[in-house]
Amino acid sequence: MQGYAPALIALGVLFLVGLAADGLGRRTNLPRVTLLLACGLLGGSAGFNLIPDGLRDVYPIVSVIALSMVAFLLGGELSFRTLRSQGRTIVIISLAVVFCTLIAVSAGLAAIGVPLAAALMIGALATATDPAATLDVIHQSGTETEFSRTLKGIVAIDDAWGVMVFALLIVVARAVDGADPGLHLLTDALVEIFGSMLLGCVIGVPAAYLTGRLSDGEPLRIEALGVVFLTAGCALWLDLSYLIAGMTAGAVIVNLARHHTMAFREIENLEWPFMIIFFILAGATLEPAALWAIGPVGLAYFVLRILGRIAGGWLGGLLARTPRRQRRWYGPALLPQAGVAIGMALMAAEYFPEHGDMITALAIAATVAFELIGPILASFALRKAG
């Protein structure tokens, strides 16, 4: 039994670190996400190597659990009332941010000499965001404004846009390279998106009518965990997106459950301990050395993605006719970028092995940079827009 002692001690320390990060964030306005990632960097192999390897091995399953909870919470923001009042705004701004980011990054990198196929793939990576970091920054801010509600809606549907854009650009990039376009990739992407939505409906509809029947009209923690774990597990088993499936199930439950009003209170109560472990272990897996390995291309990507996000947020806000003071802040609030981009990069490397090393290194470096500074800028944007 003594073999479990290091892992248990490390878990105890991580929870206390999370508590300290939460307190420090409240006093300094620093996002606790950035603080936890920084703690992970210091405790990981890039720092003092204090986190046991056995604990790092659980990062994949912890990330699935944490992000599944985030997906449910984001889905819970897509009620019919929200969609009626803000649905048009959410769709317009999200599409504007995606396409402006894509155009800015792809065109900019191609202009400085990056091969067009690689530039298109890197542009697709730039559209990915980090829903967990963005949602936690919103929760930490403690504000519930029109801007924060719109932001949660944008993050909720961003993953679906990202999958579609990435699949489409693989086809285009392969055609540019003279290879078989692989039109089946578009079909696979559509199957993943609509299959995930169908799975979310299959689980969400009965859950909407069954949860909360045992405890005076409100869901139990065990019910919340059961629905989250079941959705994530089925999605992984069927090779679907557990983020889209969880978001869909959350949206279905919040709109169909009439016998209770707090469908996601228990998930909110359970989420933070998992998020602590998730962000610290995520920080432990980051390699700051990657920032220096990509040179001018990485710097150009960093600048172009920021410009694309800002331009897309402003243009989307203008088209959606949002208040003028909010338009400039949508882009900065959507800067955090996480492991979804790395997953896309690994897939792109399989189709374009001649550019694989550059694409993968750039995705890792971008994750390090945007995970550390993205939440800070998102927190600043929330204060300014609110």
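Mentor: W329 is buried, at 17% relative accessible area, where buried means under 20%, exposed over 50% and partly exposed in between (1.4 Å probe, protein chains only). F380, by contrast, is partly exposed at 35%. The model is predicted, so local features need pLDDT of at least 70 and side-chain atom pairs 80 or more, while totals for chains, interfaces and linings use all residues. Residues are numbered from 1 along each chain as its sequence is written, and side-chain values use heavy atoms, without hydrogens or water.

There are five aromatic pairs (Phe, Tyr or six-membered Trp rings with centres within 6.5 Å; planes under 30 degrees apart are stacked, over 60 edge-to-face, the rest tilted). F302 and F370 are stacked, with centres 5.0 Å apart and 25 degrees between the planes. Because F302 belongs to helix α13 (residues 295-320) and F370 to helix α17, this pair ties together parts 68 residues apart in sequence. (Helices are DSSP runs of H or I, at least four residues, and strands are E runs of at least two, numbered from the N terminus.) F302 is partly exposed at 24%, whereas F370 is buried at 0%. The W329–F380 pair is edge-to-face, since its ring centres lie 5.6 Å apart and its planes meet at 75 degrees. W329 sits in the loop between α14 (324-327) and α15 (330-333), and F380 in helix α17, 51 residues away.

Leaving aside residues up to four places away in sequence, F147 touches W329, and its other contacts include Y330 and L382 (heavy atoms within 4.5 Å).
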